[in-house]
Amino acid sequence: MTDTTIESAKRAAAIQAVAEHFDPSATHVGIGSGTTIVYVVDAIKARSTNPHIRFVPTGYQSRQVIVQAGLTPIAFDSLPEDVTLDIAFDGADEVDEELNCIKGGGACLFQEKLVAERAKKFICVADYRKNQARLLTKWLTIPIEVAPISVPTVLYSLRTLGSPNPKVRTTLLAKSGPLKTDQDFFIIDAPFPTLLTSADVAAGKGKGDGSDGKWEVNKLSQAIKELTGVLEVGIFSGMNGVEAADLRAREGARSAVVGGQKPVAVYFGMQDGSVQVRTSK
Ligand SMILES: O=C(CO)[C@H](O)[C@H](O)COP(=O)(O)O
């Protein structure tokens, strides 16, 4: 496997994802972070015809990608309350059979989740290395964004939940010390055993509540999110945007759900140049 193969796989997946989901008349588009999203932005630029389209970044790097492409960014907190994004595109670190994702390899998970949940449709684009049946198969840690002051207690609680050796992510740059996110928070990378899907729990493969050392994706995400000091967890699970809209239509004002975290489709660029698409069933 060469770098060229991986980069070609990302590009092929991005081109197909944009061709199949980007509507040139869209007005607001969410743009994720990482290396794959650069190909998505290139593909959007080649198709976009609406001079009034605005792109919502998920952090500093994402904003730079938008600006360098000559497109117009709009800050997430400048969006009028009633505006939803037509679509959001992002990468992922690992995706399972149910389209649950691990994100945050680039430390941008909080804004990525805000943007994904504000979109009618969230589409993930990734290369073949990210395509796994279960989360934590090849990507072995869950990125968690935490308030710096909470680090010792969150590390302790994560060990109690079954993470053998959670660690604060450090910067690889000349300045040593913890890496700071766009919110000036820290990232803890917490290893856990491979996660069960909801289908595994339904099939009796475990309770998924961590009592036997095995966690189901949603249950672990909720357990970590409940820890004081945790801003956000790099597990994107639960509903997708279409399911969330259905729930709102059924429940109206009683539903506090804004959108979903899970993609409606994931495009994997494969080693042989093809693109594999995984959609929600
Ligand atoms: O979640 C992310 C950043 O926080 C990225 O989307 C994820 O790390 C994938 O990155 P890449 O496209 O470089 O593989």
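I began with strand E1 (residues 28–31): His28 and Gly30 point one way, Val29 and Ile31 the other, and all are buried. For burial I used 20 or more other C-beta atoms within 10 Å of a residue's own; 12 or fewer is exposed, anything in between is partly exposed, and C-beta atoms are placed from the backbone. In a regular strand, side chains alternate between the two faces of the sheet.

I noted the ground rules next. This is a predicted model, in which local features need pLDDT of at least 70, side-chain atom pairs count only at pLDDT 80 or more, and totals for chains, interfaces and linings use all residues. Residue numbers run from 1 along each chain as its sequence is written.

Then I checked confidence. pLDDT is the predictor's confidence in each residue, from 0 to 100. The chain averages 95, and 96% of the residues score at least 70. The model scores ipTM 0.99 and pTM 0.96.

Which strands pair with E1? I found E2, parallel, over four bridges, and E3 (residues 87–90), parallel, over three bridges. Strands pair here if DSSP finds at least two bridges between them. Strands (E, at least two residues) and helices (H or I, at least four) are DSSP runs, numbered from the N terminus. On the E2 side, Val29 has Phe55 as its bridge partner, and Ile31 has Pro57. From E1 the chain crosses through helix H2 (residues 36–47) to E2, a right-handed β-α-β crossover. Right-handed means that, with the strands pointing away from the viewer, the path from the first strand over the helix to the second runs clockwise. On the E3 side, Gly30 stands opposite Ala88.

I then traced the whole sheet. Six strands form an open sheet with mixed pairing, in the order E2-E1-E3-E6-E12-E13. Strand E2 (54–57) and strand E13 (275–279) stand at the edges; each has a single partner strand, so one side of each is left without a neighbour in the sheet. The twist averages 20° from one strand to the next. Its axes are lines fitted to C-alpha atoms, for helices over the stretch in contact, with angles from 0 to 180 degrees between N-to-C directions. E12 (residues 265–269) and E13 pair in the antiparallel sense over five bridges. Ala265 stands opposite Thr279 in E13.

Next came backbone angles. Most residues other than glycine have a negative phi. Leu99 has a positive phi of about 70°. Leu99 lies in the loop between strand E4 (94–95) and strand E5 (101–102). Leu99 is buried, with 22 other C-beta atoms within 10 Å. Leu136 has a positive phi of about 65°. Leu136 lies in the loop between strand E6 (122–127) and strand E7 (141–146). Leu136 counts as buried, with 21 C-beta neighbours inside 10 Å.
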